[in-house]
Amino acid sequence: MIDIKLLREQTQEITKRLGSRGVDPDMISKVLEIDSKLLGSMTARDAMRERINKISAEVAQAMRDGDAPKAEELRRTSRELGEQLGLIERQCQELENERRSIWAIIPNIPDDRVPIGLSEEDNVVERAWSPSSGERKYSEFTLPEYPDHKRVPHWEIGEQLGLLDLGRAAKISGSMFPMFKGPGARLLRAMTSLALDEHEDSYLEVRPPTFVRRQTMVSTGHLPKFEDDAYHMEVDDLFAIPTAEVPLTSMFKDEILEEKDLPLRLCAVSPCFRREAGSAGKDTRGLLRLHEFDKVELFACCTYEQRDEAMNDILVRAEGLLQRLGLIYRVVQLCTGDLGISSARTIDLEVYAPGVDRWLEVSSVSWFSDYQARRANLRYRSQSDGRVRLLNTVNGSALAWPRIWAAIVEANREADGGVSVPEALHPYLGGRSRISPEGRLT
C-alpha cells in the first residue's frame, strides 16, 4: 500500500500522479475522509484510556486513604467510561477496516521516469536486439525477412513433431492447459536448467510452496483486487500461486533484516496458475495464454538506494538469457496506465515469434518501492542510525517459458520441418542440437 502519511501531506501531488494511472480522485478523497475520522476517533480513544488510567490511580489512592465511598464512586465512573471506550474502540476498528478496504486497492505511485499514458498503446519501445545486428534503438531496428517455413505457428510445429499434445491436455484439464511431450518436454526442462545455472552466482535458489495463504496474496497486491484471476481452494482458504513472486515476497514477513545483508536476492522455479478471467477468445491458441505454466523468477529485497541496481541486474540477466537463446527481443517501458497495481516502474521484454508474427511478452521486471513491504511488513535495520525502515522489493521473470518455447521452435524451424536448438541448450540435451522431422533429438 502507499504511505498514508505521504498521502495526507502531499494530497494534491499524489492525486495527480495517481490520476495518470486512471485512479479516480474521489477514491483518494474518500480514503482521506475516512482516515480523518479514524484519526479523530483514535485521539478520543487514547484520551479516554488516559482518563481511565488516571481514575484507576485515584481509586488506589482513595483505598490507601481509607475513603471507601470515594473509591466506589470512582470505580462507577471508570465502568461508565469503560463502556464508552468500548464503543469508541469498535468505531476505530470499523473505520480502520473501511479505510483499508479502499487503501488496499489504490495502486502504487508511479515513478517520475514512467511515461504518462492510458493503456499499452502508450508504452514506449526503447530498443531491440537481434543476433545479426546486436542492440539498436527501436526506431533504427528492422525485422529480418523470414522464409515461409519459419512462418508456421508453434502449435502446428508441436503437433507435427509430437512435441505438444494440446488436445489430450484439454481432455484432461480443459482448454489453456498445455502438455509437452518427448523433446518438447526435454526442451522445457533444458531452459529451466540453463536459467537456474545462470543465476546461481548471485541468487539463492528456493523451491517455495505452490499454495499460499490469503494474506500472502494480499501482500503482493494480487488480492483483493484480482481474486477472480486466482485459483482458490475454499476449504483451506489457500491460493495457487500466480507467480513465485508471491511466496518469495512473504519469506521474510514480520522479520527485520540487517542492511549489511542487502540486497537479498532469491531465485525460484515454480508452476504458475492464472484463471485468465475474461480472456475467452483472446490469444488462446497454442501457448500464448495459459492457465498453468512454468517460470523462473528473480526477486530482490533492497534499500531504496539499491533499487535501480537491483532492477537493472534482473533486467540484464533476462536479456542475457534471450541473447544466449538467440531470440530477437525488444525492451518496452510501460506507461502509467499499463502498470500493475503494485508496480512503481516496469520494463517488459518481448520476443518476436515469426510463426504467429507477433511480439510476445516474456518478462516483466518491476520495482515496487515499499508498496509490498508495507503490506507484508518487510523491514531492515539501518547501519547508519539503527532505525528500522521498510524494504523495497524488485522482481522479474528470467524467464517465463511457454512463449520462449514457442518463439524458439518457430524461429528455428528448418526447411525439412525439423527444429534446430539454440547452442546454449545443447549441454542440457545430452549434446544433441536438433529435433528431427521425425520428432527425435539428434
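Me: What should I keep in mind about the model and the numbering?
Reply: This is a predicted model, where local features need pLDDT of at least 70, side-chain atom pairs count only at pLDDT 80 or more, and totals for chains, interfaces and linings use all residues. Residues are numbered from 1 along each chain as its sequence is written, and side-chain values use heavy atoms, leaving out hydrogens and water.

Me: Where do the domains run?
Reply: Domain 1 covers 4-105 and domain 2 covers 120-441, with bounds from an automatic or database domain assignment. Their centres, taken over C-alpha atoms, are 45 Å apart.

Me: And how many residues are in contact?
Reply: Five residues of domain 1 are in contact with 11 of domain 2, contact meaning heavy atoms within 4.5 Å.

Me: How much area do the two domains bury?
Reply: About 680 Å² between them, 45% of it on carbon and sulfur atoms. Arg21, Ala104 and Ile105 lose the most area on the domain 1 side, together 70% of what that side buries. Buried area is the accessible area (1.4 Å probe) that two parts lose on being put together, summed over both.

Me: How many salt bridges cross that interface?
Reply: Zero by the rule, which asks for a side-chain nitrogen of Lys or Arg within 4 Å of a carboxyl oxygen of Asp or Glu.

Me: New topic: in what order do E4, E5 and E6 sit in their sheet?
Reply: The order is E4-E6-E5, in an open, antiparallel sheet. Strand E4 (211-213) and strand E5 (232-233) are the edges. Strands are DSSP runs of E, at least two residues, numbered from the N terminus, and two of them pair if DSSP finds at least two bridges between them.

Me: How many bridges join E4 and E6?
Reply: Three, with E6 spanning residues 238-240. One of the details there is that Val212 has Phe239 in E6 as its bridge partner.

Me: Last one: which peptide bonds are cis?
Reply: Among them is Leu262 to Pro263, with omega about -5°; Pro263 lies in the loop between strands E7 (256-258) and E8 (264-273). Another is Ala398 to Leu399, with omega near 10°, and Leu399 lies in strand E15 (residues 392-400).

Terms used
Helices (H or I, at least four residues) and strands (E, at least two) are DSSP runs, numbered from the N terminus.
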